[in-house]
Amino acid sequence: MHVLGTAGHVDHGKSTLVQRLTGIDPDRFAEEKRRGLTIDLGFAWLQLPSGREVGLIDVPGHERFIKNMLSGAGGVSVCLFVVAANEGWKPQSAEHLAIIDILGVRHGVVALTKSDLVDTDTLELARVEIEDKLSVSSLAGAPVIECSALTGEGIDELVAALDAALEAAPPAPDLGRPRLWIDRVFTIAGAGTVVTGTLMGGSLRSGDEVQIAPEGRRARVRTIQSHKKEVTEVAPGNRVALNLVGLQREGAERGDAVIAPRGWRTTSRVEALIRMSPHEVTGRPHELTEKGAHLLYVGSAETPARLRLLGATTLASGDEGFAQLHLRDPLPLGRGDRFVLRDAGRVMTFGGGVILDPAPLLARRGDEGRLALLERLRNADHDEALRALLDSYEELDVEDALARSGAPLVPEGVVHLGPRLVAPLRLGRLLAQIREALAGHHRARPLDRLVSREQLRADLGLEPAAFDALLARSDEVVEEGAGVRLASHEAGLDRHQRDARDSLVRQIEATGFQPPLTSQLNAEPALLRALADSGELVRIDDFYLTTAQATEARTKVRQRIEEEGPVTVAQIRDLLATSRKYAVPLCEWLDSTGATIRRGDVRLLGPHP
Ligand code: GDP
Ligand code: MG
């Protein structure tokens, strides 16, 4: 589906042609009738001989109402450019062509109308002039059809040419992120608030939850009308009226947008490629500096904007350059959005551009990294744009990356760390950081087999989800319970430490099941930890047993229970020839390993031998 928009100088016959084509008078309001000009956007629709249906926006041509022209042009894919044969090319013809050119409308037809008022020589002169003007614009080569809305001459040819232009125009893309720039808001008794606009970016269904940007109010789509028919679903590229639940009449106005809750960034800072219109199109040269007061138009919105050029300090007609724009009013914008710039002082359209990053950081002039990013974004599809943003920012929230690139899904091969995406470079750096941190720990405590996971995470300042994902990706790190180590790290004892260990084992074993308490052992804490980690010693409360002793205690106790049934702590104390001081923690340790189970005052056989 497409939306056809008119363009052309005031009084050149746009509205009359629309009425001739559609039978609908687009000049709806009393004031428009009285003053005989189109103040607001007029809407009509048309079925072409091919069966194709098209929504028609009739825009005003008067200088003062150029803002309304812009709000209508936002969703237009095919243009009906009107020039009156008796007047020829006019200043607003030039400005409208500049706007069409900036918005990238490449499909259109020129109606050289009021042919009934002039002779063939004049018609021919007008045609040559028009073709010359179009040749430097996006409408270069568009057919010029001589016609008269009054006599009907040439109207069939005009309709056929429009049909062909609509056939040639690519359909509006469906990227799963609907946005409808609101051009009218009104209330219908009993139904509530209705907004109209051209739907782009994705489909809408009745029942959908939507947001009204920039305020962010939630609303629900109750009913949808397109071309006066009620529908349950509508595809992008259509004129649409939405009846919204939860929205007051005062809750929205032209320039707001109905958006899907996800997929758009409501932003007041964007980076863009600025395109200065050729002076052959605008009719007068212009030099853009950062000083001027500018107005930015996108969709049906208008906002004052300040401009910071990132490369050259000035741009002349026909030039291109990257800039950061600061908008007074936040707007729901995305990569690829086209906008028009007017000089607020001289009241003229001098150019516009296309948004490359809808939410950049503050930038300085001459930031080479940023310019390289913008150069890359300029020619990118949405997947490549996501990768470019990620390479530049290194780490992005998933939702943010999708909204800023316009990608419907995270492209294959891009690395997730929890809720964030990371660039390959950053992933490599994070893995290296983990490796270095672990190596540092291992160097400082060579006897410690493991480093606490939590400690390492805190050292690196990573969120739990990202840290877990990183560990899972590393083939150099081994996880053991709550600890981690480098796979290459095996805690080892030197000769001196081996001697220390042997003397420790002797000390512990010398007194059977009444070993010295930890505080009485003459041993380095690091050595004790290392021996416990490696399984040579078993820590029980505030003393250690050798592994052989621990096994002996288990075997003896379990054997006794098997032979004689449940045993008390006192019986275990006697069995192991120890004191109550040791017997109680020993029993608790046996319980904890599953060797025994406590039932009141006695121990039963546990599940683990
Ligand atoms: P717009 O401002 O471009 O929408 O122009 P209108 O459609 O309002 O037309 C302006 C004037 O031109 C009106 O008085 C129309 O009646 C007249 N007009 C429009 N089309 C034709 C035409 O083909 N032939 C003649 N003779 N007059 C026309
Ligand atoms: Mg009109």
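Author: Ala 577 is found in the loop between helix H17 (569-575) and helix H18 (580-593); helices (H or I, at least four residues) and strands (E, at least two) are DSSP runs, numbered from the N terminus. This is a predicted model: local features need pLDDT of at least 70, side-chain atom pairs count only at pLDDT 80 or more, and totals for chains, interfaces and linings use all residues. Side-chain values use heavy atoms, without hydrogens and water.

Reader: Does Ala 577 count as buried or exposed, and at what relative accessibility?

Author: Buried means under 20% relative accessible area, exposed over 50%, partly exposed in between (1.4 Å probe, protein chains only). Phi of Ala 577 is near 50°, a positive value in a residue other than glycine. Ala 577 counts as exposed, at 56%.

Reader: What is the relative accessible area of Lys 114?

Author: Lys 114 lies in the loop between strand E5 (107-113) and helix H5 (120-134). Its phi is positive, about 60°, although Lys 114 is not a glycine. Most residues other than glycine have a negative phi. Lys 114 is partly exposed, at 24%.

Reader: Which residues does the cis peptide bond join?

Author: Look at the loop between strand E10 (209-213) and strand E11 (217-226), the place of Pro 214. Omega is about 5° in the bond that joins Ala 213 and Pro 214.

Reader: What separates the centres of domain 2 and domain 4?

Author: Domain bounds come from an automatic or database domain assignment. Domain 2 covers 179-259 and domain 4 covers 512-605. Taken over C-alpha atoms, their centres are separated by 74 Å.

Notes: Residues are numbered from 1 along each chain as its sequence is written. Chains are lettered from A and ligands numbered from 1 in the order in which they are written.
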